[in-house]
Structure formats: C-alpha cells, structure tokens
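Student: I have the sequence and the model open side by side, and I would like to work through them slowly. Could we take one question at a time?

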Amino acid sequence: MQVIVEGVGFSYRNRQVLDQFDARFESNRVTALVGPSGSGKSTLLAAIAGYTRPQAGHVWFADPDGQRKRPSVEQVTWIAQDANVLAARTALDNVLVGALSDGSPFSAASERALTALRDVGLAHLMNERCRTMSGGEKQRVAIARSLASDRPLIVADEPSASLDESSTRSIARLLSTIAGRATVIVATHDPVIVEAASAVVRLRGDL
Ligand SMILES: Nc1ncnc2c1ncn2[C@@H]1O[C@H](COP(=O)(O)OP(=O)(O)OP(=O)(O)O)[C@@H](O)[C@H]1O
C-alpha cells in the first residue's frame, strides 16, 4: 500500500507546522522521515495514521491498482519511542495483543505471535515479563507485535531514541525485514536508521 501526502497543512492554534506538504511513501520499503526537532515529523505521522486530520490537503492510502482510500487506523500499527509494552505481561502476551487485533481465532493468533517473536529473535524470551527486559528487547517485542498484527502500514516514531548503537542496528535491520510485508515509515534523527532506509523524506522545519 502506497501512502500519498498531498498539500497537507497543519497548525496548532497559531503555530503552522506543515504547509502544502507533499510526499509519497512506497510499499515494501522503509522510508525515513527526517527533519529538525519541531519540524512536524510526529504531527505528519499522526495525520498519516489517521489519528488526526490535516486542516488542508489529504492523506491517501493507495492500493496497487491505484485505488485511493482515506487513512484508517485499522490498517496501521504504531511503534513508539519508548516501546509501549505491557510491563507486567510476558513477551508472548504483548505480541498476542497484536495478533488478536484482527479478530483471528486464538490458535491462529498464537501461531502468528510465536512466528513474530522468532522473527525478531526473541522466541527464547517469550515467557519473560517485559519489565525484566532491556530497552532494545522491549522495542523488539513492540516490533513483533506490529508484525503479528499483519497490517499494511507500520509507523515508527523515533524507535531507537533510547537505544545504544548495537540495539539500533538490530532495530534498523528488523524494519528492513518487515518492509518485505508492509509500508514502513520511520521518523528519526538517527543516522544508523536513515542509512538503512531505502528512501528519505525530509521536513524543512523553517516555516
Ligand atoms: N499538541 C500540541 N499543541 C501545540 N503544539 C504542539 C503540539 N504538538 C506539537 N506541537 C508543536 O508542533 C511542532 C511540531 O511538533 P512535532 O512533535 O510534530 O515535531 P517533530 O519533528 O516530531 O519533533 P521532534 O523531532 O523533536 O520529536 C513543535 O513546535 C511542537 O512544539
């Protein structure tokens, strides 16, 4: 699914953050969304994910046959900066939340959750509670949850913000792997993530 941003404008009260912004995010690739702090990366991600509506312009989700639809939150998973996992639950429980989100029966969802945990290299920790995990492991659980939810668009907002370089490299690799199955958009300041991305969209931030 391609994401098309056309002439998007967004203001918070009298602070204009986005003005006539155009971009395309292609399917099956990781696109890094970069720009100075405050340039509107998180604001644009929220509009793309359908969490907010731009005051001007449009965001479209385009099928391979070119048919355009409005953004819908059911098609999106969000990977946050601080690995928003349920700390008191196991890695498997956290990933099951994603796998069950499309109404799949429990047995099929469990299978998908286990596969996703294997894909992120955490099968051996599936029964560990997330509170005992490192930041990098928690972020991998969050990525596995996105994978298990099997949605066409994955949006990540500074997913490596609190990670060391080796964990960041592993997150960058995983995002590239996921892109085989989804459109991945990642807002980042991190050169490691930008380098691993296959396209870059830049916000100027001097409105
Ligand atoms: N809810 C809000 N109300 C008012 N202003 C906001 C709100 N959210 C963001 N802003 C302002 O809008 C601008 C863009 O914020 P946004 O978080 O989208 O930028 P960003 O590029 O993601 O920044 P960073 O790289 O620092 O995370 C900033 O100046 C911010 O202070």
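Student: Which element supplies the largest share of the shell around the ligand?

Tutor: Since this is a predicted model, we read the shell from the predicted coordinates, and there the ligand is surrounded by residues including Tyr12, Arg15, Val17, Gly35, Lys41, Ser42 and Thr43. Two elements, β2 (15-25) and α1 (41-49), each supply at least two residues of this shell. The largest share, three residues, comes from α1.

Student: Is proline 159 buried or exposed?

Tutor: Proline 159 lies in the loop between β7 (153-157) and α5 (165-178), and, leaving aside residues up to four places away in sequence, it touches Ile79, Gln81, Gln139, Ile171 and Val186. A residue is called buried if 20 or more other C-beta atoms lie within 10 Å of its own. Because proline 159 has 27 other C-beta atoms within 10 Å, it is buried.

Student: Which strands are the edge strands of the open sheet?

Tutor: Five strands form the open sheet, with parallel pairing, in the order β6-β7-β8-β3-β9. An edge strand of this sheet pairs on one side only, and the strands for which this holds are β6 (76-79) and β9 (199-202).

Student: Which residue in β8 does isoleucine 154 stand opposite?

Tutor: Strands of a sheet pair through backbone hydrogen bonds, either parallel or antiparallel. In this sheet β7 and β8 (residues 183-187) run parallel and are joined by five bridges. Across this pairing, the residue of β8 that isoleucine 154 stands opposite is valine 184.

Student: What angle does the direction of α5 make with that of β8?

Tutor: Helix α5 packs on the sheet, where it touches β3 (30-34), β7 and β8. Comparing the direction of α5 with that of β8 gives an angle of about 150°.

Student: At what angle do the axes of α2 and α4 cross?

Tutor: The axes of helix α2 (residues 91-100) and helix α4 (residues 135-149) come within 7 Å, and their crossing is right-handed. Among the residues that make the contact are Ala91 and Val95 of α2 and Val141 and Ala144 of α4. The angle at which the two axes cross is roughly 30°.

Definitions and conventions
Residues numbered from 1 in each chain as written. Predicted model: local features only at pLDDT ≥ 70, side-chain atom pairs only at ≥ 80, totals over all residues. Near = placed C-beta within 6 Å. Helix = DSSP H or I, 4+ residues; strand = E, 2+ residues; numbered from the N terminus. Buried ≥ 20, exposed ≤ 12 C-beta atoms within 10 Å, placed from the backbone. Contact = placed C-beta atoms within 7 Å. Pairing = 2+ DSSP bridges. Axes fitted to C-alpha atoms, helices over the stretch in contact; angles between N-to-C directions. Left-handed = near helix turned anticlockwise from the far one by under 90°.
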